[in-house]
Amino acid sequence: MGPMHPGMPTFRDRDAVDGAPSPKADATEYVIVASEFAFAPNEIQIRAGETVNIVLDNRGAVYHDLTISDPSFVLTADPAGRSAGALTVAEPGRYRFICSVPGHEGAGMSGTLVVGPGG
C-alpha cells in the first residue's frame, strides 16, 4: 500500500530512522509530547553523565521527530506513535532539540536540553 497522496512520503519512505540507544531499564524517563507545532515540555534539565530515557509521544496528526545534532540523538514517530531512547550527555551546557521535518522548527518545534554539572 502506497502513500495516500502521491509524492507525500509515509514514515516508511523516509530516510530518518531512530538514532538513539535502546532505553535503559533503570533510567529516569522524560516524556516529550509532539504536536502541531510544539514540544511539551520544551525544556528538560538533566545532569552531565546521567543516562536518561527520552520518550517522543506524537499526539499530532503528522510525522514528527526529535533531533539533537550534537550529541547525535534522533527519535521518530508517526501520528499516535511513540519511540524512546537512552541519552547521556557528558558536558554541561544547553543543547537545542528540534523537529527536523522541513518547516516544523520554524513553526515552533524546538526546545532546550539543559545539562547541569554531574552529581
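A residue is called buried when its relative accessible area is under 20%, exposed when that area is over 50%, and partly exposed in between, as judged with a 1.4 Å probe on protein chains only. By this rule, E50 counts as buried because its relative accessibility is 15%. The structure is a predicted model, in which local features need pLDDT of at least 70 and side-chain atom pairs count only at pLDDT 80 or more, while totals for chains, interfaces and linings use all residues. Residues are numbered from 1 along each chain as its sequence is written, and side-chain values use heavy atoms, with hydrogens and water left out.

## Overall organisation

The chain has nine strands and zero helices. Here helices (H or I, at least four residues) and strands (E, at least two) are DSSP runs numbered from the N terminus. Along the sequence the pattern reads β-β-β-β-β-β-β-β-β. Of the 119 residues in the chain, 39% are buried. A contact means heavy atoms within 4.5 Å. Among contacts between residues at least 6 apart in sequence, 63% join residues at least 24 apart.

## The nonpolar core and the aromatic pair

A nonpolar core is a set of buried Ala, Val, Leu, Ile, Met, Phe, Trp, Tyr and Cys residues joined through side-chain atoms within 4.5 Å. The largest such core has 24 residues, and those with the most contacts inside it are F39, I54, L66, L87 and L113. Two or more residues are given to this core by each of β1 (28-35), β3, β4, β5 (64-68), β6 (73-77), β8 and β9 (110-116). When neighbours within four places in sequence are set aside, L87 is in contact with E50, T51, V52, I54, I68, P71, F73 and L113.

The structure holds one aromatic pair. Rings of Phe, Tyr and Trp (its six-membered ring) pair if their centres lie within 6.5 Å; planes under 30 degrees apart count as stacked, over 60 as edge-to-face and the rest as tilted. F39 and F97 form an edge-to-face pair, with 5.3 Å from centre to centre and 65 degrees between the planes. F39 belongs to strand β2 (residues 38-40) and F97 to strand β8 (residues 93-98), so that the pair links distant parts of the chain, 58 residues apart. Both F39 and F97 are buried.

## Salt bridges

Side chains of opposite charge can pair when their charged atoms come close. A salt bridge is a side-chain nitrogen of Lys or Arg within 4 Å of a carboxyl oxygen of Asp or Glu.

| E43 | R94 | 3.9 Å |

E43 in strand β3 and R94 in strand β8 are 51 residues apart, and their pair links distant parts of the chain. E43 counts as partly exposed because its relative accessibility is 36%, whereas R94 is exposed, with a relative accessible area of 58%. D57 lies in strand β4 and R82 in strand β7 (residues 82-88), so this pair ties together parts that are 25 residues apart in sequence. D57 is buried, with a relative accessible area of 7%. Salt bridges that share partners join D57, R59 and R82 into one network. E105 is partly exposed, since its relative accessible area is 33%.

E50 is placed in the loop between β3 (43-47) and β4 (51-58). Although buried, E50 has no salt bridge; the nearest side chain of opposite charge, R47, is 4.1 Å away. In the charge count, Lys and Arg are positive and Asp and Glu negative, while His and the chain ends are not counted. The side chain of E50 does reach the backbone nitrogen of R47, at 2.9 Å. Not counting residues up to four places away in sequence, E50 touches T28, L87, T88 and V89. E50 and V89 are 39 residues apart in sequence, yet 7.1 Å apart in space, C-alpha to C-alpha.

Y30 is found in strand β1 and counts as partly exposed because its relative accessibility is 23%. Leaving aside neighbours within four places in sequence, Y30 is in contact with I44, Q45, I46, V52, N53, I54 and V55. The side chain of Y30 also reaches the backbone oxygen of Q45 at 3.4 Å.

Conventions:
Polar contact = N/O pair within 3.5 Å; in protein donor to acceptor, adjacent residues only side chain to side chain.
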